[in-house]
Every structure is written in structure tokens, then in C-alpha cells.
Amino acid sequence: MIAAPARPRRWPMVILAVLLLAAAASAQAANEKRSAGSAAIAPLLYLPSGRYLRVASLGFDGIAADALYLWSIQYYSNYRIEDRYRYVEHIYRDIITDLDPHYMDAYLTGALIMVIEAKQPESALRLLDKGIANNPAEWILAFEAGYVCYNDLRDYPRAAAYFERAIAAPDVHPIVRRFYAEMYDRAGDKRTSLKEWSAIEETADDDYVRAVAWNHVHDLKVDVDLGDIRSATEAFHARFGRWPASLPDLERAGVLRDLPLDPEGRPYDYDAAAGRAGYGGSRVLGR
Amino acid sequence: MLLGIGLVSREIERRTVYVLLAKPMHRAEFVLGKYVGLVLTLLVNTGVMAAVFVAVLLAKGIADPALGVAIVMLYMEFLLITALAILFSCLSNPIISCLLTLALYVIGHLVWSLDLLRARLASGAAKAACTFLSLVLPNLAPFDIKGQVVHGVPVAPGSLAFAAGYLVLYGGAVLALACATFQRKELQ
């Protein structure tokens with residue numbers, strides 16, 4: 001009887017495999033430690049345009065947009081990648097929102113990352129403009145764009161145009177109008193701000209909003225009235241070479257059509273020696 | 001990859017492996033011979049494609065030596081994937097081998113995301129699991145420098161040496177496992 005040849009043992013090979021794997025892991029750990037903090041933009045460089053990915057995704061463009069969006073959140077949360085914002089606009093504007101033009105989270109989060117993290121407000125506005133064009137009924141996109149112009153760029157005429165667009169959208173949240181009114185105050189156009197806050201106060205559905213609007217109306221009315229009185233006293237001084245003896249003199253001289261009363265219905269204080277009107281009450285918002 | 005996944009299992013299926021193993025040959029030699037054959041085939045494929053690519057670039061007046069490095073590293077990535085394909089081919093049938101190799105190819109390019117996950121985890125055990133996986137799974141990122149080269153981003157010094165070393169160590173480990181698997185495999 002012939003004995004079957006003994007099979008070679010495999011444990012030497014397994015040990016060799018384990019040793020090599022341990023060496024590879026050690027080398028990789030050392031390499032990671034060495035390259036920590038270096039650029040890691042390689043995964044982004046070959047991302048093509050969303051138009052091509054749409055074809056390549058074989059009808060699963062929504063899923064592709066979702067996957068890329070989730071990946072982008074991870075990617076832009078990695079603070080170790082110093083130049084991670086190099087392609088941020090391309091990723092959100094040309095890829096994710098090309099794959100799914102109605103992906104609201106991608107517009108809003110992308111814009112947020114561009115403004116807050118990447119300090120690229122113009123890129124954010126281009127992304128939001130695309131969102132507005134694709135989703136004209138979504139007030140939040142125009143509101144966000146307006147907020148970027150209002151808060152970050154301090155470009156009030158541009159902010160006003162976005163806010164007006166948001167206000168015109170259906171089912172707009174009431175806060176948009178309040179931002180719109182407040183923006184004019186910050187921009188120095190107190191008369192328009194007063195007009196907007198007054199309209200909010202008159203049309204408010206709940207007591208809280210009405211009370212908030214009244215606070216603004218109160219202080220803005222004081223500012224606007226004192227501004228009007230100051231202009232009129234200066235016109236009076238230019239015409240007669242002296243300050244008016246009392247505020248009603250302004251009406252009588254025809255330099256002020258209607259002498260305003262303060263928000264509490266009392267006449268404004270007036271210092272005839274200095275030709276300066278003042279408000280005897282206290283401002284509600286204290287500014 | 002598609003060549004590698006059926007390389008061993010198909011020999012077993014068609015029973016042609018019996019003819020080979022009847023010769024005075026170690027089973028590990030059979031596996032390594034298959035691997036080397038595939039490595040040479042890939043070398044020819046990659047070489048021809050690279051030659052055409054370089055010819056087109058030269059015709060357009062583009063000459064960047066870094067592209068050569070990128071092609072070499074791409075070839076090294078092929079070698080590692082081929083080693084994985086051979087291992088799975090020793091373990092399973094072509095379909096399962098294909099799926100497993102494809103999965104490891106995708107995972108290999110996403111190992112970096114385990115670092116992101118680790119940074120967000122609170123549990124020490126979960127962090128350790130992430131670290132372990134990121135070191136044990138094949139990492140194909142060191143071989144992928146084509147993006148940097150095309151866009152003129154400087155490639156870290158020592159990248160080629162590290163990639164080559166990693167290929168030798170990890171690829172060696174995978175081939176040793178493939179040999180160990182095939183040595184005790186019942187061939188019926």
C-alpha cells in the first residue's frame with residue numbers, strides 16, 4: 001500500500017502573511033502620520049460635471065446626488081484638509097445640483113459652507129441664484145441669498161431685491177418681511193424701515209409679532225420725526241437767520257407741513273436756544 | 001481583475017489543475033506562477049496603453065515626466081488588485097471572487113473616510129476598530145496620484161517608494177494567504 005504524500009503545512013505561509021500584513025500596516029500608519037495635514041484634494045480632481053454624471057448614473061441621478069451630498073458633508077467637515085474649498089462651488093453648483101436641480105438641502109448647505117467656512121459669498125450667491133431659477137416657488141433660497149447680501153456683503157440694494165423676491169413667493173414665512181424691514185434700518189433708510197414695520201404691525205396675526213413690530217415702529221418714528229424736525233429747523237434758520245422760537249413756528253413758516261407728535265401723542269421737546277428738538281420718553285429698543 | 005478572478009477557480013472547474021499538480025511542483029508555485037503570468041500580461045497591456053498615451057501627448061507637445069510616475073503607480077495598483085483577485089479565486093467561485101475583489105477595490109479607495117469616521121466617534125473601542133480596519137484593509141490611495149499629476153499639484157516626495165514598499169508588503173501578505181489557502185484546498 002502506497003501512503004498518500006503528506007500535504008505541506010500551511011501555517012508557515014499564514015505566519016508569513018500575518019508578518020507582511022503587520023509590516024504593511026506599520027508602514028501605512030507611519031506614512032499617515034508623516035502626511036497628516038497635507039492636501040487631500042485628489043478624490044475631487046476627477047469629479048466630472050453633473051451633466052455627465054447624470055448620464056453615467058443610469059437614471060439614478062437622485063441617488064448619485066444624495067451620495068455626493070453626504071460625502072461632501074463629510075469632506076467639508078474634515079478640517080485637516082487645508083485646501084478643501086478649492087472646488088466647493090464646482091461640487092455643489094456643477095455636480096450635485098446638476099444631478100438634482102431640486103435638491104434644496106444641497107443649495108442651502110452648500111451656500112452655508114461657502115459663506116461661513118470658505119468665505120466665498122459670491123460663490124454662494126451663484127449657487128443660490130441657480131436654486132432660485134430651478135425652484136422659483138421656494139422662498140427660502142431667495143431669503144438666504146438676501147441674508148448673505150444683508151449680513152455678509154452689506155450690499156443692501158441687492159439684499160432688498162432678494163428679499164422682495166422671497167416675499168413674493170407663495171407661503172413665505174413672515175420672518176422674511178421682518179428681515180426686509182430691519183435691513184432698511186441697518187442701511188440707514190429709516191423711513192422705509194418705518195413703513196415696512198408699520199405694515200407688519202398692522203397685518204400681524206399674533207400678539208407677539210405685533211408687539212415686536214410696535215417696538216420697532218416706536219423707535220423708528222422718533223428717529224424719522226426728529227430727522228424731519230431737524231431738516232425743517234435748518235431750513236428755517238437758513239431763511240430767517242435764527243432758530244424758531246417754538247416748533248409750531250415751523251408749520252407757520254411753511255417749512256414743515258405737519259408737526260409730528262411723539263409715539264405717546266405728546267409734542268417733542270424743543271430747545272429754542274440751540275434750535276434742537278428732542279424726545280422726552282425712552283426708546284424701547286434702546287438703540 | 002476580471003482575468004485574475006477566474007485564474008485559479010477556472011483551472012479547478014475545468015480540472016486542468018490536475019495535469020499541472022501531477023508534476024513535481026509545489027502548490028504555492030502554481031499560485032505564484034499564475035500571479036506572475038498575470039503580472040506580465042498586465043505589464044504588456046499597461047505598457048501598450050501608456051505608449052499610445054505618451055505618443056498622443058507628445059504629438060500635442062506635452063511632456064511631463066510625472067505622468068510616467070503616475071502610470072507606474074497605476075500599474076502597481078493593478079498588481080495589488082490582481083493579488084487580491086488571485087486570493088479570492090483560490091477561495092471561491094468566479095462570481096463571488098469578482099464581487100469581493102470589486103468591493104475591496106472600492107473600499108481601498110475609500111479607506112481615508114475611516115479617518116473621518118474615527119474623528120467623530122466618542123467610543124474608544126469604535127475608534128480602535130476604525131484604526132484597525134484602516135490599517136488592515138488594502139489602501140489604494142497611495143497609488144492614486146494621477147489627479148495631482150494632471151493638475152500640476154506637487155506629489156509628496158517618497159510617494160513612489162512608499163507605494164512600492166506597500167505593494168511588496170501587502171501584496172506579499174495577500175499572496176502568502178492565497179498560497180496557504182490553495183495548499184490545503186480539496187480538489188475534486
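## Overall make-up

Chain A contains 13 helices and 2 strands. The model is predicted. Chain A has 287 residues, and 30% of them count as buried. Contacts between residues at least 6 apart in sequence were also examined in chain A. Of these, 53% join residues at least 24 apart.

## Confidence

The mean pLDDT of chain A is 87. A score of at least 70 is reached by 92% of the residues.

## Helix 8 against helix 10

Helix 8 of chain A spans residues 139-153, and helix 10 of chain A spans residues 175-187. Their axes come within 11 Å and cross at roughly 20°. Angles under 35 degrees count as roughly parallel. Helix 8 of chain A and helix 10 of chain A are therefore roughly parallel to each other. The crossing of helix 8 past helix 10 in chain A is left-handed.

Which residues make the contact? From helix 8 of chain A come A:Trp139, A:Phe143, A:Tyr147 and A:Tyr150. Helix 10 of chain A supplies A:Val176, A:Phe179 and A:Met183. By class, the contact of helix 8 with helix 10 in chain A has 7 nonpolar residues. It has no polar and no charged residues.

## Positive phi in two loops

A:Arg154 is not a glycine, yet it has a positive phi of about 55°. This residue sits in the loop between helix 8 and helix 9 of chain A, where helix 9 covers 156-168. Is A:Arg154 buried or exposed? A:Arg154 has 11 C-beta neighbours inside 10 Å, so it counts as exposed.

A:Asp171 is found in the loop between helix 9 and helix 10 of chain A. A:Asp171 also has a positive phi, about 55°, although it is not a glycine. Its C-beta neighbours inside 10 Å number 7, so A:Asp171 counts as exposed.

Helix 8 of chain A contributes A:Trp139 to the contact, among others. A:Asp171 lies in the loop between helix 9 and helix 10 of chain A. Helix 10 of chain A then brings residues including A:Phe179 to the contact with helix 8.

Notes. Residues are numbered from 1 along each chain as its sequence is written. Chains are lettered from A and ligands numbered from 1 in the order in which they are written. This is a predicted model: local features need pLDDT of at least 70, side-chain atom pairs count only at pLDDT 80 or more; totals for chains, interfaces and linings use all residues. pLDDT is the predictor's confidence in each residue, from 0 to 100. Axes are lines fitted to C-alpha atoms, for helices over the stretch in contact, and angles run from 0 to 180 degrees between N-to-C directions. Helices (H or I, at least four residues) and strands (E, at least two) are DSSP runs, numbered from the N terminus. Angles under 35 degrees count as roughly parallel, over 145 as roughly antiparallel, 65 to 115 as roughly perpendicular and the rest as oblique. A crossing is left-handed if the near helix is turned anticlockwise from the far one by less than a right angle, and right-handed if clockwise. Two residues are in contact if their C-beta atoms, placed from the backbone, lie within 7 Å. Ala, Val, Leu, Ile, Met, Phe, Trp, Tyr, Cys and Pro count as nonpolar, Asp, Glu, Lys and Arg as charged, and the others, Gly among them, as polar. A residue is buried if 20 or more other C-beta atoms lie within 10 Å of its own, exposed if 12 or fewer, and partly exposed in between; C-beta atoms are placed from the backbone.
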